[in-house]
There are 2 protein chains.
Amino acid sequence: MHSPSIKRRLCVAAIAASLCSVAPLMAQQSEDAEQSAEQRKNVILIIGDGMDDQQITIARNYLKGARGKLLMDQLPLRSVSQILTQDDEAPSKPVYVADSANSATSMATGISTSRGRIATSAGENRDLVTIAELAKQAGYATGIVTTASVTDATPASFIAHTASRGCENPNVMKPFEDSPRWLDPTACEADRVTNGGPGSISRQIALGNHDVILGGGQKHFSPIAEESKKSVSELAQNNGYRIVTDQQGLLDVQSSALVEDKILGLFSPSTMPTQWQGEDGRSAEKPEPSLLNMIDWRLGSVELPSTMICEDNPSFDGIPRLKQMTDIAIEQLWKRSQQGFFLMIESASIDKQSHKRNPCGSIGEVEQLEEALASALKFAEQEPNTLILVTADHGQAAQLIPAPSMFKSIGVPVYTPGHVARIITPENQVLSVNYATNDFPSEEHTGTNVPLFSNDVGLGKVPPMVTQPEIFELMKNHLFD
Amino acid sequence: MHSPSIKRRLCVAAIAASLCSVAPLMAQQSEDAEQSAEQRKNVILIIGDGMDDQQITIARNYLKGARGKLLMDQLPLRSVSQILTQDDEAPSKPVYVADSANSATSMATGISTSRGRIATSAGENRDLVTIAELAKQAGYATGIVTTASVTDATPASFIAHTASRGCENPNVMKPFEDSPRWLDPTACEADRVTNGGPGSISRQIALGNHDVILGGGQKHFSPIAEESKKSVSELAQNNGYRIVTDQQGLLDVQSSALVEDKILGLFSPSTMPTQWQGEDGRSAEKPEPSLLNMIDWRLGSVELPSTMICEDNPSFDGIPRLKQMTDIAIEQLWKRSQQGFFLMIESASIDKQSHKRNPCGSIGEVEQLEEALASALKFAEQEPNTLILVTADHGQAAQLIPAPSMFKSIGVPVYTPGHVARIITPENQVLSVNYATNDFPSEEHTGTNVPLFSNDVGLGKVPPMVTQPEIFELMKNHLFD
């Protein structure tokens, strides 16, 4: 991997990139643009993974206070997306809870599939054309920005095709070897290169032609590629990708990337660290009932986990913010096509930190999404033909519950059978977050419909309710009608 | 209580009231109206108690299928309401989870108060003027329809004022006598008649002047009223209320009520029974792990509760549907004022059945709300100056979770630590509903923001997000601007 350093724009040299607004660059480029801004069309799809109404409310209370509004709350249009999932064994039958693979596939392709699938169809395993592919074919620039590995289910569903989300890199393509325990060893069989398939997700990305791909996931690009002597990274470089792996590399892209360069930014081995964590790294914990209470629920007492604050996560040091990746992606995509661009931005760890019962992690990721949204809105002010959609892919386990219980006055111990984190908010009140879909190391998703927001470009186009595959139609219509 | 029977309209005599559309009656009355429909203004506020996005999604999947849409989903405007609650001991401080008393007070009065309060202010216990009172004073007809007791928190917050929701009838006003265990024996002290207060909620309703009040709660009107020798019912009759207690009485109202009559319908001793219940009366149940699994979560097995269908609740026989009460309330209110009316309709047991972990009960109540909404929309077709708002007061515990677990393939038992009901839907798939905010006999509320829908009259007036007290402003503006 290389990070060539050429002379930088003054702005970049002088101050940190996160302080460099996209706007002045846009203004300058806009003057030069052969095609007027009115004719260019852009779609920015922002996905908060697992960002359901509970997660939004928890984050709003923490970040803005009970009476505050998030930036997404201030968008002119709020709709709702009903998630669809199919039964892989009986594809006409519904399943009521999704994972990120099938829900991202819905948005990317307009077709509802079964859990775990990356832009392939339920049952018959047919490749489904994605909005990023359609856009690229039609001359748009295309980009993906995520805080997950770029090979993770949500980004992958826009730029790859596999039967299983597990087929992330060459190592897991080999049967019975290095396969994660949850992955059926035959899951990647049809996608193997030796079987005429497209290979692992990282290989597909490396051999692809999308313009800007930024996120985590170095470990999926370092193995030797399938049926090759080169690493996946080397395949990517041979295919025209400039690979960057740190803040400095990202700044160098901003100052020196050529329009011919494709950009692959991989800023952490796997998922990018979150900006915040619970106090001393704590997550939600189980209440501890007294022995007497364990014998009879009406007796004894319970000790709830002690309250905690959210604190900076030391692992986040030196990691690019989602906003910074967003700003650079928008800038680079804008330079690359006179037609416009499609960009998917994911704040991934709202979900991942909810699986791990860490509300501080999730809240920090909502804040990152908000910053990215601010960048997108700023761009859209200058380029008004930019459709911005903000949504979630599926619901998550976290619930905002009373602190203390509504039934406290009855005088018996009342507490969650699951895990609870009791966070002290900036308003100095206790925000109690319950995780109780299972006692396994990872919580379940939920099947609730999720919010769908739009900027003013969506007014009159985005109805008050859509099914998730209709989000594909909204984006396609904007780019192609 | 009496149900005078006078000659009935042909429509009523010939067919069941539920088949008698409101529309033809409206049309006829409209011809006679001195004031044109354009000048009359009506507000219909429909509250699904506890009807958050999880409840809506669960009901949608069951009633309309995964790809279906509820009637509320088809309304032209979908917004969201952020619930506000104050700390009674420090009223400027927020609390992050509401109950129905303070959340209904927000909507009824425009002021955020503390849990348990019925249209009184946090801390200082000042009476707050309600939208129903403002409307009545200004010459509008006013009505309340609910499937709860009419003295329950949601309806009471529009038509009464007490420091505690517990002060429902004369018996609980007496200190230390008959007080429910959860009610602080001093909670109703300031509201006692002997202390210069307005008395119990039922007494306030009996002595009030709202035109139509329909729901459950006979038991709150049969006791001897405070400082009186008469029952609360008798007080109500002396105050001009015609009291009806069954279907026939309701039909008689439709055929024979005079414009001078005020109507108090009490169709069950307490909360009205729900139309549906779980198979054989079952609710959600705890999974049963094997002994080995109880020793080590990675070992052994678990038996999940067996699947069930939803079935008719035999106790619902002869109980008026919410739609029937709605139709008659609209018809009677329309007759009573040339200015227009305010009507609050509550489907109460979405919440109450979620407290009891009975998803079939909640789903049936969403269906009842949908029918009432259909009636309201039909009326608004003829009387287009009718603002219809549909919302929830707060979130509830129920969560739609995967069936089976997302982690099933790992091969260890993964199951909720709470209670789960596994319902067979009309699509013949399993819909798994988790209740896990506590192990007490009643689940907790949650603090999530809740949906707010509007008919076309709200377009351009209802923003994409409101705080719950702003719902009061929306209604007031419609009636008074």
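B:Pro404 sits in the loop of chain B between strand E15 and strand E16 (419–424). Helices here are DSSP runs of H or I with at least four residues, strands are runs of E with at least two, and both are numbered from the N terminus. The bond joining B:Ala403 and B:Pro404 is a cis peptide bond, with omega about 0°. Chain A has a cis bond from A:Ala403 to A:Pro404, with omega near 0°. A:Pro404 is in the loop between strand E15 (399–401) and strand E16 (419–424) of chain A. For background, most residues other than glycine have a negative phi, and most peptide bonds are trans.

Before I go on, a word on the model and the numbering. This is a predicted model, in which local features need pLDDT of at least 70 and side-chain atom pairs count only at pLDDT 80 or more, while totals for chains, interfaces and linings use all residues. Residues are numbered from 1 along each chain as its sequence is written, and chains are lettered from A and ligands numbered from 1 in the order in which they are written.

Next, phi. A:Asn428 is not a glycine, and its phi is positive, near 65°. This residue lies in the loop between E16 and strand E17 (430–435) of chain A. Is A:Asn428 buried or exposed? A:Asn428 is exposed, because 9 other C-beta atoms lie within 10 Å. The cut-offs are 20 or more other C-beta atoms within 10 Å for buried, 12 or fewer for exposed, and partly exposed in between, with C-beta atoms placed from the backbone.

In chain B, B:Asn125 also has a positive phi, near 60°. B:Asn125 is in the loop between helix H4 (100–109) and helix H5 (131–137) of chain B. Because B:Asn125 has 17 C-beta neighbours inside 10 Å, it counts as partly exposed.

One more asparagine: A:Asn239, in the loop between helix H9 (232–238) and strand E7 (241–244) of chain A. A:Asn239 is partly exposed, with 14 other C-beta atoms within 10 Å. Apart from neighbours within four places in sequence, A:Asn239 is in contact with A:Ala206 and A:Leu207. Contact means that the C-beta atoms of two residues, placed from the backbone, lie within 7 Å.

Now the helix pairs. Axes are lines fitted to C-alpha atoms, for helices over the stretch in contact, and angles run from 0 to 180 degrees between N-to-C directions. Angles under 35 degrees count as roughly parallel, over 145 as roughly antiparallel, 65 to 115 as roughly perpendicular and the rest as oblique.

In chain A, helix H12 (residues 322–336) and helix H14 (residues 359–382) pack at about 25°, with axes 8 Å apart. H12(A) and H14(A) are therefore roughly parallel. Their contact includes A:Leu322 and A:Ile330 of H12(A), and A:Leu369 and A:Phe379 of H14(A). By class, this contact of H12(A) with H14(A) has six nonpolar, three polar and three charged residues. Ala, Val, Leu, Ile, Met, Phe, Trp, Tyr, Cys and Pro count as nonpolar, Asp, Glu, Lys and Arg as charged, and the others, Gly among them, as polar.

How do H3(A) and H14(A) cross? The axes of helix H3 (residues 53–64) of chain A and H14(A) come within 9 Å and cross at roughly 85°. That makes H3(A) roughly perpendicular to H14(A). Among the residues that meet are A:Ile58 and A:Tyr62 in H3(A), and A:Ile363 and A:Val366 in H14(A). The contact of H3(A) with H14(A) divides into seven nonpolar, two polar and one charged residue.

In chain B, H4(B) and helix H15 (residues 469–480) have axes that come within 5 Å and cross at roughly 30°. H4(B) is therefore roughly parallel to H15(B). The residues in contact include B:Met107 of H4(B) and B:Phe472 of H15(B). By class, the contact of H4(B) with H15(B) has five nonpolar, two polar and no charged residues.

Finally, the chains together. Their contact takes 59 residues from chain B and 59 residues from chain A. On the side of chain B that touches chain A, H3(B) gives the most, with five residues. That side of chain B has 27 nonpolar, 20 polar and 12 charged residues.

The largest nonpolar core has 246 residues, and A:Ile46, A:Leu343, B:Ile46 and B:Leu343 have the most contacts inside it. A nonpolar core is a set of buried Ala, Val, Leu, Ile, Met, Phe, Trp, Tyr and Cys residues joined through C-beta atoms within 7 Å. Beyond four places in sequence, the contacts of B:Ile46 include B:Ile345, B:Leu369 and B:Val390.
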